[in-house]
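Hi there,

Here is the structure we talked about, with the sequence alongside. Have a look first, and my notes follow below.

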Amino acid sequence: MSQYQVSDTARFDLMVVVLALLTMFGPLSIDMYLPAFGDIATSYGTEANRVELSLTSFFFGLFIGQLLYGTASDKWGRKPPLYFGLTIYIVASLACAYAPNLESLIVLRFFQAIGSCAGLVIARAMVRDLYSAQASAQVFSFLILVMGIAPVLAPLAGAYVTQALGWQAIFLIVAALAVACMAIVHVRLPETRGFNGAVQMRRSLPIYWDVLKDRGFLRYSLSGGIAQAGLFAYITGSPVVFIDHFGLDPTHYSWLFGFNAIGIIGLSQFNAWLLRRRDARKILNVSLPFLALVALSALLLAWLNAGFWWVLMVVFVYISTLGMVFPNAMAGALAEQQERAGSASAVTGSLQFLIAGLISALVNSVGHLHPLGMLMVIGGCGLTATIAYRLLRTP
């Protein structure tokens, strides 16, 4: 059981800030090293497209790793698995910096992702320990604000660090950040759930299956995950669309990457303000259909082979709207899962990154057939998310 009384009011104190920092390691590990692909390829005497496999292995690690922490955090409490995961992340990051070849880097990135999952899963579970569904949606909006800093600053920081110190320094920096975060967790983050002997680790898969069979959980988790997959379609396809197709240089592309992140930060904070006046489900009932309209626009622009500014506009609006879709979908998915919040957090996170991995592969395939294939996949994500939300309504 939670050691804290569940609050109906979101309190944005230091503990929430620490939880937000824990969710940053996944996005930071994805975005910060993107500008270094060319240097990594040169260092290992290979082609840049082979370096992309290190990103693929990271996504696969995010899918697998989250399932490892769910039941463990429900049984042993939140902090012991968190320490374990952060330790793996630190060791794997240091090893990435000194990887002797690309194959080793690809494998080590998988373990780095396994470690980063601890913060993603346990931070969400602790939010559910502490807050009601409505208040947790406000806190998730704040988490998106902090997570949104990574796409704004990480590519630019990674570019400058690579230029000044070499790509290996990126992994040393994130390892140092994880050490600092572990120290803060030890000093400032209390345990929100004690040991529960009734939870059996060998029953992890049946527990996960029970969570998946919950129609309400599946409705929110699936629609939110598919909608968010549009963001990963953008991350995967945007270098080809904006650099190769539209001719932006890497520096301007990094600024563009950050510009799109500002939109999701802004609307996530508007969502937090709106949640003080409206129910999270009602906001989702409006924001998801709006996302579907944006998705239709993306499909139309792809068919018309639209110009730079039209593509930029529709991508910006889609990514921004996620700031009002994802926090409310996440809160809805965990709303009725208090006793198994860790397991539910793991399932929804793994489901999201499984979808993200499939969408990433789809973008690569469609991109060979159409220069704006990214838009086609983004549009499909928005429409499919809205359809899933409607079809999975409780009778």
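By the rule used here, there is one salt bridge (a side-chain nitrogen of Lys or Arg within 4 Å of a carboxyl oxygen of Asp or Glu). Its partners are Asp 210 and Lys 213, whose side chains meet at 3.6 Å, N to O. Both residues sit in helix 9 (residues 204-213), three residues apart, about one turn of the helix. Helices are DSSP runs (H or I, at least four residues), numbered from the N terminus.

Before going on, please keep in mind that this is a predicted model: local features need pLDDT of at least 70 and side-chain atom pairs count only at pLDDT 80 or more, while totals for chains, interfaces and linings use all residues. Residues are numbered from 1 along each chain as its sequence is written, and side-chain values use heavy atoms, with hydrogens and water left out.

Next, the surface. Patches are made of residues with over 30% relative accessible area and no salt bridge, joining like charges within 9 Å and nonpolar side chains (Val, Leu, Ile, Met, Phe, Trp, Tyr) within 5 Å. Accessible areas come from the Shrake-Rupley method with a 1.4 Å probe, and for residues only the protein chains shown count as cover. Lys and Arg count as positive, and His and the chain ends are not counted; a charge is placed at NZ of Lys or CZ of Arg.

- A positive patch brings together Arg 276, Arg 277, Arg 278, Arg 281 and Lys 282. Of these, Arg 278 is in the loop between helix 11 (250-274) and helix 12 (280-304).
- A nonpolar patch is formed by Phe 290, Leu 293, Leu 296, Leu 299 and Met 376, together about 430 Å² of accessible area. Helix 12 gives the largest share, four residues, and Leu 296 is in that helix.

Lastly, the open space. A pocket is an open set of points on a 1 Å grid over the protein atoms alone, with protein on both sides within 12 Å along at least five of seven lines; lining residues have an atom within 4 Å of a point. Points are joined across faces, edges and corners, and a volume is the space filled by probe spheres set on them.

The largest pocket has a volume of about 1,200 Å³. Its lining holds 45 residues, and Phe 37, Glu 52, Ile 235, Thr 236 and Pro 239 lie nearest the centre. Among the elements that each supply at least two lining residues are helix 4 (48-76) and helix 10 (215-245).

Best wishes

Methods: On a 1 Å grid over the protein atoms alone, a cavity is a set of points where a 1.4 Å probe fits but cannot get out, and a pocket is an open set with protein on both sides within 12 Å along at least five of seven lines; lining residues have an atom within 4 Å of a point.
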